[in-house]
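Here is a short report for a reader who is meeting this structure for the first time. Keep the sequence and the model in view while reading.

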Amino acid sequence: MSGLRWLALSLVLPAVLAGCSGYRTAVVPLPGDPVATAAPADGPVVRPGTRVRVHLHDGRTREGQVTAITDEALVLGRPGNYGLAEETIPHATIARVEV
């Protein structure tokens with residue numbers, strides 16, 4: 001293998017193995033939760049306006065901007081053909097949230 005191929009492989013391989021997603025697991029505070037006012041040491045806190053990726057227990061994922069957090073659900077907004085399309089995701093179906 002030529003030196004140029006080794007150089008290219010040594011530059012690309014670490015980036016591919018690291019994942020390069022940039023997403024980190026986050027905490028979703030419920031209204032009235034003390035975490036809602038103070039950021040925890042174990043990760044970022046999701047607030048309305050935060051762009052997130054939500055992993056559901058059934059293996060599906062959803063992406064969008066958080067428009068609301070209620071006691072029962074997380075509401076995501078995504079641009080659609082007719083303006084902002086909102087999707088309500090119950091907390092019980094969420095496996096993890098990444099920001």
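Strand β1 covers residues 51-56 and strand β2 covers residues 61-69. The two run antiparallel and are joined by five bridges.

Several partners can be named. R51 has Q65 as its bridge partner in β2. For R53, the partner in β2 is E63. For H55, the partner in β2 is T61.

## The model and its confidence

This is a predicted model. The average pLDDT of the protein chain is 76, and 59% of the residues score at least 70. Residues 16-20 fall below 50, and this stretch has one contact in the model beyond near neighbours in sequence. Where pLDDT is low, the predicted coordinates should not be read in detail.

## The chain as a whole

The protein chain has 99 residues, and 24% of them count as buried. Its accessible surface comes to about 6,600 Å². Carbon and sulfur atoms account for 58% of that surface. Among contacts with a separation of 6 or more, 37% are between residues 24 or more positions apart.

## The sheet

In what order do the five strands form the open sheet? The order is β4-β3-β2-β1-β5, with antiparallel pairing. The edge strands are β4 (83-90) and β5 (94-98), and each of them pairs on one side only. From one strand to the next, the twist averages 45°.

Strand β2 also pairs with β3, in the antiparallel sense and over four bridges. A hairpin of three residues joins β2 to β3. Across this pair, A68 stands opposite V75 in β3.

## The nonpolar core

Which residues make up the largest nonpolar core? It has 12 residues in all: V46, V52, V54, L56, V66, I69, L74, L76, I89, I94, V97 and V99. Strands β1, β2, β3 (73-80) and β5 each supply at least two residues of this core. The most come from β1, which gives three residues.

In a regular strand the side chains alternate between the two faces of the sheet.

G64 belongs to strand β2. Is G64 buried or exposed? Its relative accessible area is 0%, so G64 is buried. Not counting residues up to four places away in sequence, G64 touches T50, R51, V52, L76, G77 and R78. One of these is R51, 13 residues from G64 along the chain. The C-alpha atoms of G64 and R51 are separated by 5.7 Å.

H55 sits in strand β1. Its relative accessibility is 15%, so H55 counts as buried, the cut-off being under 20%. Residues up to four places away in sequence aside, H55 touches R60, T61, T93, I94, A95, R96 and E98. One of these contacts, T61, is also the bridge partner of H55 in β2.

T61 itself lies in strand β2. Its relative accessible area is 38%, so T61 is partly exposed. Leaving aside neighbours within four places in sequence, T61 is in contact with V54 and H55. The C-alpha atoms of T61 and A95 are separated by 9.8 Å, and these two residues are 34 apart along the chain.

Key:
Residues are numbered from 1 along each chain as its sequence is written. This is a predicted model: local features need pLDDT of at least 70, side-chain atom pairs count only at pLDDT 80 or more; totals for chains, interfaces and linings use all residues. Side-chain values use heavy atoms; hydrogens and water are left out. Two strands pair if DSSP finds at least two bridges between them. Axes are lines fitted to C-alpha atoms, for helices over the stretch in contact, and angles run from 0 to 180 degrees between N-to-C directions. Buried means under 20% relative accessible area, exposed over 50%, partly exposed in between (1.4 Å probe, protein chains only). Contact means heavy atoms within 4.5 Å. A nonpolar core is a set of buried Ala, Val, Leu, Ile, Met, Phe, Trp, Tyr and Cys residues joined through side-chain atoms within 4.5 Å. Accessible areas come from the Shrake-Rupley method with a 1.4 Å probe; for residues, only the protein chains shown count as cover. pLDDT is the predictor's confidence in each residue, from 0 to 100.
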